[in-house]
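Please take a moment with the sequence and the structure below. Then follow the walk through them, one part at a time.

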Amino acid sequence: MIQVLGVRKEYTGRCVLDVPSLCFEQGKRYALLGANGSGKSTLLKILAGIIKPTEGTVQSEAAGKNAVGYMPQKPYGFSFSVLRNVTMAIDACPNRKEIAKSAIGAVGMSTLINADASKLSGGETQRIAFARIIAIQRKLLLLDEPTASTDLNGIDLLEKALLNYCGETGCTVIFATHSPAQAMRLANQVIFLQQGLIAEHGESKQVLHEPQSKAAQAFLNHWKL
Amino acid sequence: MQAVNDVAGLLFGPDDELRKIIWLTLRMSFFSVLISSAVGIPFGVILGCLKFPGRGLVIRVTTTLMGMPPVVGGLIVFLILSNSGPLGHLRLLYSLEAMVTAQVVLITPIITGLTANTVGVRYKQVAETARGIGLSPSKSLSYTLFECRRQMIAVLLTGFGRAIAEVGAVQIAGGNIQHKTRVMTTTIMMATNMGRFNTAVALGGVLLLIAFLINGFAHFFSKEEDA
Ligand SMILES: Nc1ncnc2c1ncn2[C@@H]1O[C@H](COP(=O)(O)OP(=O)(O)OP(=O)(O)O)[C@@H](O)[C@H]1O
Ligand SMILES: [Mg+2]
């Protein structure tokens with residue numbers, strides 16, 4: 001369980017995130033929805049420990065170095081092979097090449113396994129970053145728009161790989177997305193952010209089909225059209 | 001035609017004075033860059049990647065020093081090394097060591113500033129991904145440096161190019177003493193003043209060629225990565 005308590009983040013005096021209280025349960029999947037600049041990435045970075053909140057705390061049972069895997073919105077492809085881009089993340093063990101290869105296969109990148117990852121396309125880089133996150137076997141996955149640049153086939157592969165991984169490990173997933181349909185497919189719960197505030201939080205079906213808040217209603221109108 | 005022959009004779013003929021001057025210049029530039037990068041690269045990495053109080057001020061000071069007029073650098077080293085200066089007892093004035101010291105004063109801020117910029121930008125891109133997969137800060141940093149390797153070579157070449165083409169500081173600190181501290185640029189100045197244009201042209205040509213090669217390499221190393 002992860003408990004967010006009184007977390008605020010300010011940049012040069014402007015408050016971009018204000019979450020008085022939020023709780024993530026073990027083994028569930030959460031989608032963060034909201035407009036550009038609503039604070040999705042900021043919340044994920046705070047949960048990942050990449051940035052510190054201006055105020056407040058995040059308490060997590062699954063603490064420790066090897067508990068969390070975070071995939072940023074713009075993942076980085078290192079200038080060596082795709083295979084090494086994945087193995088570099090896995091702790092030394094005899095079968096880490098096999099683990100990496102199967103993760104790369106799961107995202108449909110086997111043919112590019114020896115390619116220089118710094119020269120990949122945006123969607124390819126995202127697929128590799130996703131393979132890397134799956135391969136390191138974390139209990140908590142924080143994914144910032146993991147399929148924003150992938151093609152439809154990539155979305156399909158990544159979602160299947162994620163659900164598979166969750167089925168095997170019972171991990172917790174918190175991901176940002178701009179696709180309500182994806183939130184529907186993947187998440188148990190949806191958290192709807194507006195200008196740094198949680199406008200609505202509940203079961204995916206509930207929030208996506210019968211939004212209560214004005215903000216979520218307005219946002220989802222674009223989807224229904 | 002005669003002039004071309006004369007210039008070639010100076011460079012490749014039996015008298016090895018110009019070749020010794022070129023060799024001394026290369027050695028001076030090499031050691032200057034070596035020492036400047038031993039100081040400037042670690043300092044630049046710290047400046048580019050770590051946040052600490054006063055960082056903004058240090059960056060501004062470094063940027064200012066990057067543009068320090070070479071004669072001022074030479075003057076500072078001259079004052080320190082001259083007989084009445086704090087390090088006068090070392091008797092280093094008008095030596096290769098004095099010229100290298102002056103160059104280090106000029107080049108270290110340049111290498112520091114360029115490193116901070118290059119590594120800092122890359123670290124921002126690498127760090128989120130690296131920390132997201134649980135790598136330690138020191139590992140993130142070493143991956144960042146690895147990712148910057150080509151641009152860092154370009155930074156070193158830039159420093160070398162500055163050192164080899166610089167004249168004011170080495171003139172003041174080195175004194176342009178024959179067989180001892182006479183380098184290409186100071187020789188060109190002197191030869192021109194004395195009307196020995198063949199010597200000046202010969203060294204000028206070599207200097208231009210070296211500058212061209214350095215620029216070519218620097219361009220190659222800084223570009224390729226994004227190609
Ligand atoms: N380092 C920073 N300095 C200043 N402001 C920042 C910084 N990082 C984020 N912000 C601001 O915080 C707000 C929230 O940004 P955030 O990246 O969390 O949005 P987001 O919901 O992820 O948006 P998107 O859908 O575009 O990815 C934005 O208005 C952004 O300008
Ligand atoms: Mg974002």
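**A walk through the model**

Start in chain B. Ile107(B) touches Ser32(B), Val33(B), Ser36(B), Gly159(B), Arg162(B) and Ala163(B), leaving aside residues up to four places away in sequence. This is a predicted model. Ile107(B) sits in helix α5 of chain B. Is Ile107(B) buried or exposed? A residue counts as buried if 20 or more other C-beta atoms lie within 10 Å of its own. Ile107(B) has 30 other C-beta atoms within 10 Å, so it is buried. Now look for Val61(B). Ile107(B) and Val61(B) are 46 residues apart along the chain, and their C-alpha atoms are separated by 14 Å.

In soluble globular proteins, nonpolar side chains tend to be buried together. Here the largest nonpolar core has 121 residues, and Leu32(A), Ala131(A) and Leu142(A) touch the most other members. Which helix gives the most to this core? Helix α5 of chain B, residues 96–132, does, with 17 residues.

Stay with Leu142(A). Leu142(A) touches Leu44(A), Leu47(A), Ala48(A), Val68(A), Tyr70(A) and Ile174(A), not counting residues up to four places away in sequence. One of these contacts, Ile174(A), is also the bridge partner of Leu142(A) in β7(A). Strands β6 (residues 140–144) and β7 (residues 172–176) of chain A run parallel, and 5 bridges join them.

Those two strands belong to an open sheet of 6 strands in chain A. Trace the order: β5-β6-β7-β3-β8-β9, with mixed pairing. Strands β5 and β9 (197–203) of chain A stand at the edges. Each has a single partner strand, so one side of each is left without a neighbour in the sheet. On average, neighbouring strands of this sheet are turned by 15 degrees against each other, direction ignored.

Chain A has an open sheet of 3 strands too, in the order β2-β1-β4, with antiparallel pairing. Its edges are β2 (14–24) and β4 (55–60) of chain A; each has a single partner strand, so one side of each is left without a neighbour in the sheet. From one strand to the next, the twist averages 15 degrees. Strand β1 (residues 2–11) of chain A pairs with β2(A) in the antiparallel sense over 9 bridges. Gln3(A) stands opposite Cys23(A) in β2(A), and Leu5(A) stands opposite Ser21(A) in β2(A). The hairpin of β1(A) and β2(A) has 2 residues between the strands, and Thr12(A) takes a positive phi near 40 degrees there.

Now find ligand 1. The residues around ligand 1 include Tyr11(A), Val16(A), Asn36(A), Lys40(A), Ser41(A), Thr42(A) and Gln73(A). What does the shell around ligand 1 consist of, by residue class? It divides into 2 nonpolar, 8 polar and 1 charged. Helix α1 (residues 40–48) of chain A gives the most to this shell, with 3 residues.

Finish where the chains meet. 16 residues of chain A are in contact with 10 residues of chain B. On the chain A side, β5 (68–71) and α4 (122–135) each supply at least two residues. The largest share, 3 residues, comes from β5(A). The residues on this side of chain A divide into 11 nonpolar, 3 polar and 2 charged.

Terms used. Residues numbered from 1 in each chain as written. Chains lettered and ligands numbered in written order. Predicted model: local features only at pLDDT ≥ 70, side-chain atom pairs only at ≥ 80, totals over all residues. Pairing = 2+ DSSP bridges. Helix = DSSP H or I, 4+ residues; strand = E, 2+ residues; numbered from the N terminus. Axes fitted to C-alpha atoms, helices over the stretch in contact; angles between N-to-C directions. Near = placed C-beta within 6 Å. Nonpolar A, V, L, I, M, F, W, Y, C, P; charged D, E, K, R; others polar. Core = buried A, V, L, I, M, F, W, Y, C linked by C-beta atoms within 7 Å. Buried ≥ 20, exposed ≤ 12 C-beta atoms within 10 Å, placed from the backbone. Contact = placed C-beta atoms within 7 Å.
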